[in-house]
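Welcome! Take a moment to look over the chain shown here, and then we will walk through its fold together.

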Amino acid sequence: MRETLERFLGRWGQEVRLERRGGESFAARLSLQPVLRKRQEGTLQPTPIGWADQRRWTCFAAIELRRGDRIRWGENCLRLLDAAPVHLGEEILYWYGSAAPEQVPEEKEVDG
């Protein structure tokens, strides 16, 4: 099952930058999908995968996801609202979470 998930993420997952609280930051591959709603009232925005509702995203990964992690994906910046492992018996198959957009101030260049 784990190998199937990693093949899926390798083929269809999104390359992101995952930032942990405390400063750790690294490249990762996740599956990010907008939460679909029957009614969308002016919340559609362009994303690398097309027009999507920007209010809530689901994600899963083969690596540990933690509540509060920041996901940078292209021009998008998401904050994980919750995250939990999905088990099969005692084994963790994958990590699942939900995220919402976060406004992050752009880094300013310092004149020296």
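Accessible areas come from the Shrake-Rupley method with a 1.4 Å probe, and for residues only the protein chains shown count as cover. By that method, the accessible surface of the chain comes to about 7,800 Å², and carbon and sulfur atoms account for 49% of it. The model is predicted, so to speak of local features a pLDDT of at least 70 is needed, side-chain atom pairs count only at pLDDT 80 or more, and totals for chains, interfaces and linings use all residues. Residues are numbered from 1 along each chain as its sequence is written, and side-chain values use heavy atoms, leaving out hydrogens and water.

**Overall make-up**
- Of the 112 residues in the chain, 35% are buried, meaning under 20% relative accessible area with a 1.4 Å probe, protein chains only.

**The barrel**
- Six strands form a closed barrel, in the order E1-E2-E5-E8-E7-E6, with antiparallel pairing; two strands pair if DSSP finds at least two bridges between them.
- From one strand to the next, the twist averages 45 degrees.
- Strand E5 (residues 57-61) and strand E8 (residues 91-101) run antiparallel, joined by five bridges.
- Trp 57 has Ala 99 in E8 as its bridge partner.

**The helix**
- Helix H1 (residues 2-12) packs on the sheet and touches E1, E2, E5 and E8, where contact means heavy atoms within 4.5 Å.
- The direction of H1 makes about 85 degrees with that of E2; axes are lines fitted to C-alpha atoms, for helices over the stretch in contact, and angles run from 0 to 180 degrees between N-to-C directions.

Terms used
Buried means under 20% relative accessible area, exposed over 50%, partly exposed in between (1.4 Å probe, protein chains only). Helices (H or I, at least four residues) and strands (E, at least two) are DSSP runs, numbered from the N terminus.
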